[in-house]
Amino acid sequence: MPKPDSFFITTPIFYVNDAPHIGHAYTEVAADVLARWHRQAGDDTWLLTGTDEHGQKILRTATANGAEPKEWADRLVKNEWIPLLDTVNMSNDDFIRTTEPRHEEGVQAFLQKLYDDGHVYAGEFEALYCVGCEEFKPKSEIVDGEGAFEGEKVCSIHSKPLELLKEKNYFFKMSAFGDALLKLYEERPDFVQPASARNEVVAFVQQGLEDLSISRSSFDWGIPIPWDQEHVTYVWFDALLNYVTATGYPNDPETFARRWPGVHIVGKDILRFHAVIWPAMLMAAGLEVPKHVFAHGWLLVGGEKMSKSKLTGIAPNEIIDVFGADAFRYYFMRAVSFGHDGSFSWEDLTARYHAELANGFGNLASRTLAMNAKYFDGVQPEAAELSDADQAIVDLVARAAAEADAHVNTFEIHEALSVIWEVVDALNGYITEMEPWVLAKDEAKRARLGTVLATVTEGLRALAVLLSPVIPEATEKLWVALGAKETLGELREQPLRDAGTWGQLPAGTPQGSLAVLFPRVEQD
């Protein structure tokens, strides 16, 4: 058998300075949908997520809460970040913490190599620093403060005052990699996606790169620089390395060769770290750069980026406790064009939930199985010769499956769902047009009735497979009710790229009852 394609996908690792909001969950779900799709398509898939636990922001947050930084990180990871994975139904293969020995040892090995190879030097640095971003800010992201911060320089992202820092640090010679990065972007135009993100990165690098301060000496919460214990590693230099320390670097070359390079799903506010600093680091170490860096947009509430500090953060549980994890996953993957900003509102979520999930997909499944039970004693009907209308459904399912896979391969999750939903809408329209309840009144049309219901039920089989990466709980219930689990095996084992192949559910397959997949939600 040919070796399956490798698909290693990551989320960013998240700061443990506070509990997660739906912006974090959005990133997690997007990566999870892509991982589930590729895994079920037969690719050698590995999904990594985790937490970023070093740096000044964590130290200050822990101190403000009367805790040591490691104690604070342990508490947040246990009580907030690990539970998030269950809340949104993540299928991650690994969860890395930057305080783990495997990571700390890998970071020090990487640093030592760069130092030994002449890519690091000692120097003095003075610049404005944003603790929220954990970054010395470029001029383009420094703005004049307003209101309480009038007269001060503030971060354009966090709208909080910047701190003037002056330290003796170690520097990575990033400026030496400007030409190599521009060549990378030119030769691999899909390295940074979407196109707007690529253009932003190219423009930034074309302005010229400065060397990067990679150590801090004014506090001690971080990974010590291996050749100078008075310094700790700059938190972003530390954090970016999780993608390789979690996959075998430097002590497990076999696993590393199997997994790396990977695909990074990141928010657009941390694009520069992943598309400029990270590949430059890898080039310096003689390692492959990532396959892709995809920057998604922000979730906006009231026109502003989701933010705990600005009191616009919404906890995932606030939505999931009402609508369920499947609805959460579906809504954010369908309603937001992946790669662009998207506005969240309870009204839009409620409308889509009822129109698309409850009335569209859920009702389609319920009434089809109910008619199979009523007219064919609860088994899959047998199809006779197909009419043009039947064949149109067959052709649509095949096209939708192929196009959805193509869209997922280019990170267009919303487009994949849109084309899959063409099948949902077509099957609902087909039932209305064919009127199986009328056919059932005429015994002479029983063969036609069987063909109609067999067509719809086979369409549901395909939908269960295609939608399982997005709404795994509902599709599993449907799969069992269709009798497909007993006949075809586990849903997660169905080859996703064969989902559009017609006629997989045999006639006579016993079927079961199906509880309402998406109950109506009444909101106050």
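I began with the lining of the largest cavity, whose residues come out as nine nonpolar, no polar and no charged. Here Ala, Val, Leu, Ile, Met, Phe, Trp, Tyr, Cys and Pro count as nonpolar, Asp, Glu, Lys and Arg as charged, and the others, Gly among them, as polar.

The model is predicted, so I kept in mind that local features need pLDDT of at least 70 and side-chain atom pairs pLDDT 80 or more, while totals for chains, interfaces and linings use all residues. Numbering runs from 1 along each chain as its sequence is written, and side-chain values use heavy atoms, without hydrogens and water.

Next I looked up the lining by name: Val33, Trp37, Val408, Ile413, Ala416, Leu417, Ile420, Leu466 and Val470. A cavity is a set of points on a 1 Å grid over the protein atoms alone where a 1.4 Å probe fits but cannot get out, and lining residues have an atom within 4 Å of a point. Helices are DSSP runs of H or I with at least four residues, strands runs of E with at least two.

Then I turned to the sheet. Six strands make an open, parallel sheet in the order S3-S2-S1-S14-S15-S9. Strands S3 (94-97) and S9 (192-193) are at the edges with a single partner strand each, so one side of each has no neighbour in the sheet. Pairing takes at least two DSSP bridges; S1 (6-15) and S2 (44-52) share eight.

Definitions and conventions. 1 Å grid on protein atoms, 1.4 Å probe; cavity = no way out; pocket = protein on both sides within 12 Å on 5 of 7 lines; lining within 4 Å.
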